Amino acid sequence: MVEFRAPVGTRDVLPPESARWERLVALFAGQVERAGYGLVLSPMFEEVGVFERVGEGTDVVRKEMYDFEDKGGRRVALRPEGTASVVRAYVQHRPTPPFKAWYAAPNFRYERPQAGRFRQHHQLGVEALGTDDADLDVEVVALAWSVCAGVGLTRVTLLLNSLGDDVCRPAYLDLLRSFLGDASLCEEHAAGYANNPLRVLDCKRDTCRTATEGAPRLVDHLCDPCAVHFARVRAGLDSLAVTYTLQPRLVRGLDYYTRTTFELAADSLDTAQNAVGGGGRYDKLAEALGGPATPGIGFGLGIERLLLAADAEEVFPVPQSAVDVWVVDTTGGTAALALTHELRAAGISADRSFDERSMKSQFKSADRSGARLALVVGDNELAAATVTLRDLRGGEQETVDRADVVEHVRKRLS
Ligand code: HAM
């Protein structure tokens with residue numbers, strides 16, 4: 001028989017680990033909803049053109065996209081990232097700006113799987129469209145930062161840069177191209193960087209690192225409006241005591257970014273996969289997707305990476321999740337069915353064994369479950385319309401009327 005396994009680069013998340021995911025999504029939702037962001041659900045696949053707009057020059061789109069022709073002959077792609085889908089939805093539905101959205105969703109990239117790098121990963125993200133007010137940049141960056149803090153991470157560095165706009169960036173790119181001239185670069189970049197010389201700055205290989213040591217920095221060549229915007233973002237972060245490191249090499253892996261860009265690097269993780277999140281402005285994306293000119297900014301935090309960083313810092317443990325009550329029934333009738341149903345309806349978590357197990361085996365399951373109380377129904381209890389209530393931690397027990405079970409359980413649990 002073939003034994004099927006989850007596809008390479010994907011993972012099953014089972015209980016109790018999955019309880020951490022639930023808690024993380026709840027923490028994230030709580031923080032961003034307090035800041036006025038609403039949940040957006042968008043399709044897991046889109047017409048391929050939606051994603052081509054976000055980065056024809058990037059690995060994410062050129063090499064890693066799960067694109068295919070569907071049975072109707074349409075070219076579609078599984079979402080490699082969340083921003084394009086939200087902006088496409090914004091353009092399609094035109095909600096009143098500012099439009100502030102959040103999501104927790106899977107993304108698909110055909111990458112070489114390794115620790116912290118998956119073919120299906122999950123992001124917690126926000127996107128805010130409709131204003132280029134620098135205060136919004138500050139809000140978004142500070143939110144990403146406070147989610148990391150909420151998880152309990154302390155060894156995370158916030159890297160900040162500005163990528164300018166289409167007024168100042170082209171001139172800077174010319175400057176960078178002439179600086180790079182015939183410098184010796186790594187194999188990939190020696191073969192061609194003319195389209196996007198910024199990628200050379202981001203290259204981790206020694207040859208490119210050395211070649212770009214004294215390269216001009218985009219932050220020194222911003223046009224006045226971009227420089228003013230960036231200064232306001234930095235002052236805003238300072239005023240909120242969000243500490244950041246200016247990182248002029250930060251170019252991000254998608255093409256749509258303008259002005260503010262940022263990344264959260266976990267110092268506890270291996271440098272190749274240490275970004276727990278990243279984001280920035282994309283003031284031209286709505287237009288590129290056929291909509292009205294609408295500035296926007298957002299971020300995505302990788303759930304798997306956040307949890308890896310949490311493991312490395314020994315924070316955000318798997319929460320203890322156990323039902324409160326275990327029902328033990330040795331009568332073989334409907335007592336367990338009725339009791340668990342009644343408890344659950346009264347808002348008390350309860351579980352039971354199945355298959356008419358022995359009393360001993362049912363108590364073993366009760367202990368393993370971590371439940372605090374056991375409710376026992378045997379022949380005597382059934383005949384007397386009572387239930388034996390046993391405290392599984394202390395061991396003491398009492399007999400209570402069947403009709404008053406819920407009340408007694410409540411009292412014991414409180
Ligand atoms: P990104 O930097 O490509 O940005 O991804 C955001 C985060 O997702 C990364 O920092 C990382 O934690 C996680 N991530 C990405 N790829 C993988 C992978 N293969 N395996 C595990 N985790 C991964 C974006 O996707 C942008 N949409 C973020 C954004 C939102 N910018 C503006 N708004």
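## An enclosed strand

In this predicted model, strand β9 (residues 258–266) is largely enclosed by the rest of the structure, because 9 of its 9 residues are buried. Strand β7 (residues 156–162) runs antiparallel to β9 and is joined to it by 7 bridges, and within this pairing Val-156 has Ala-266 of β9 as its bridge partner.

Strand β9 also pairs in the antiparallel sense with strand β10 (residues 275–281), here over 6 bridges. As a general point, the strands of a sheet pair through backbone hydrogen bonds, either parallel or antiparallel.

## Strands β2, β3 and β4

Strand β4 (residues 75–78) pairs in the antiparallel sense with strand β2 (residues 45–47) over 3 bridges, and in this pairing Phe-45 has Leu-78 of β4 as its bridge partner. Strand β3 (residues 67–69) pairs with β4 as well, in the antiparallel sense and over 3 bridges, with Arg-75 of β4 as the bridge partner of Glu-69.

Together, β3 and β4 form a hairpin that has 5 residues between the two strands. In the turn of this hairpin, Gly-73 has a positive phi of about 80°.

## Two domains

The domain assignment of the chain gives domain 1 as residues 17–168 + 222–313 and domain 2 as residues 325–413. The C-alpha centres of domain 1 and domain 2 lie 49 Å apart.

An open sheet is formed by 5 strands in the order β13-β12-β14-β15-β16, and its pairing is mixed. Its edge strands are β13 (350–352) and β16 (397–401), each of which pairs on one side only. On average, and with direction ignored, neighbouring strands of this sheet are turned by 30° against each other.

Strand β12 (residues 325–329) runs parallel to β13 and is joined to it by 3 bridges, and Val-327 stands opposite Arg-352 in β13. Helix α13 (residues 335–345) lies across β12, β13, β14 (373–377) and β15 (386–391), and the helix runs at about 165° to β13.

## Nonpolar cores

The largest nonpolar core has 90 residues, of which Phe-28, Tyr-37, Phe-299 and Leu-301 touch the most other members. Helix α5 (residues 134–151) contributes the largest share of this core, with 11 residues. Leaving aside residues up to four places away in sequence, Phe-299 touches a set of residues that includes Phe-28, Tyr-103, Leu-124, Val-140, Leu-143, Ala-144 and Phe-262, as well as Gly-278 and Gly-279.

A second, separate core is made up of 18 residues, among them Val-327, Leu-343, Val-387 and Leu-413.

How many disulfides does the structure hold? The structure holds 0 disulfides, and Cys-203 is accordingly in no disulfide, with the nearest cysteine sulfur, that of Cys-208, lying 3.7 Å away. Cys-203 counts as buried, because its relative accessibility is 6%.

Technical notes
Residues numbered from 1 in each chain as written. Predicted model: local features only at pLDDT ≥ 70, side-chain atom pairs only at ≥ 80, totals over all residues. Heavy atoms only, no water. Pairing = 2+ DSSP bridges. Helix = DSSP H or I, 4+ residues; strand = E, 2+ residues; numbered from the N terminus. Axes fitted to C-alpha atoms, helices over the stretch in contact; angles between N-to-C directions. Contact = heavy atoms within 4.5 Å. Domains from an automatic or database assignment. Core = buried A, V, L, I, M, F, W, Y, C linked by side-chain atoms within 4.5 Å. Buried < 20%, exposed > 50% of the residue type's maximum accessible area, 1.4 Å probe, protein only. Disulfide = S-S within 2.5 Å.
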